[in-house]
Amino acid sequence: MKKFVIAGAGGFGREVYSYILNAKSPESIRGFLDDNPNALEGFGICHKIISDFASYEPLEGDTVIFAVANPKIKKNIADILKSKGAKFGTFIHQSSVLGLNVKISEGAVIAPFCVIGSNVEIGSFASINTSVKISSGAKAGDFCTISSQCVVGENATLKDGVFMASSSILESGMTMFENSTLGINSHADKDVEKSRCTFGNPAEYL
């Protein structure tokens, strides 16, 4: 029988857990993976942490839903789970709307109330949180995180490992290069350089 295993028991993992329960029965979930054995204490969650990431032993039927939000640690955790033979699922909440010819790669998560335009590409292990608007032709690379209420303009590009904090905006045609960050409530009207952090309206380097 197919069972979901949620990789990550932090805030985003617990959110994804609730999203799965919106559509599936509790019996469809086997549990969580996390390096913090106490990550679920005090949250009233009936499922448990199965193991840390490195100790995970997949069972037949396990589908891992990747719910790690921090781009700085995503690749390492994904590589560990791949080495254990994990099989990853893609999660798209039923309330989100996808345009034509959208490409979504392995391990990506799209939370509730997102609007994804036509011809958008979303990379492996990308996390798209609630109420995000990604306009047509945009690209989000591997291991990206786009936080709640962000807007990605038409034909904009997020390279691998990018982090957009809540309510930030990337203008149409602009690029955020690898491992760059756009701060909360910020508005980027020009490209963001690799591994740089920008903040403000218009966004400037910190």
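**The core and its surroundings**

Reply: In this predicted model, the largest nonpolar core has 27 residues, and those that touch the most other members are Ile122, Ile134, Ile146 and Met164.

Ile134 can be followed contact by contact. Leaving out residues up to four places away in sequence, Ile134 touches Ile122 and Ile146, and also Val115, Ile116, Gly117, Val120, Ile128 and Val152.

Next, the backbone. Most residues other than glycine have a negative phi, and most peptide bonds are trans. Phe125 has a positive phi, near 60°, and sits in the loop that runs from strand S10 (121-122) to strand S11 (127-128). Its relative accessible area is 0%, so Phe125 is buried. Phe143 also has a positive phi, near 65°; this residue lies in the loop between strand S13 (139-140) and strand S14 (145-146). Phe143 counts as buried because its relative accessibility is 12%, under the 20% cut-off. A cis peptide bond, with omega about 0°, links Asn201 to Pro202, and Pro202 is in the loop between strand S22 (197-200) and strand S23 (203-205).

The largest pocket holds about 160 Å³. Its lining includes Asn70, Pro71, Lys72, Phe163, Arg196 and Cys197. By class, three lining residues are nonpolar, six are polar and two are charged.

Conventions:
Residues numbered from 1 in each chain as written. Predicted model: local features only at pLDDT ≥ 70, side-chain atom pairs only at ≥ 80, totals over all residues. Heavy atoms only, no water. 1 Å grid on protein atoms, 1.4 Å probe; cavity = no way out; pocket = protein on both sides within 12 Å on 5 of 7 lines; lining within 4 Å. Points joined across faces, edges and corners; volume = space filled by probe spheres on them. Nonpolar A, V, L, I, M, F, W, Y, C, P; charged D, E, K, R; others polar. Core = buried A, V, L, I, M, F, W, Y, C linked by side-chain atoms within 4.5 Å. Buried < 20%, exposed > 50% of the residue type's maximum accessible area, 1.4 Å probe, protein only. Contact = heavy atoms within 4.5 Å. Helix = DSSP H or I, 4+ residues; strand = E, 2+ residues; numbered from the N terminus.
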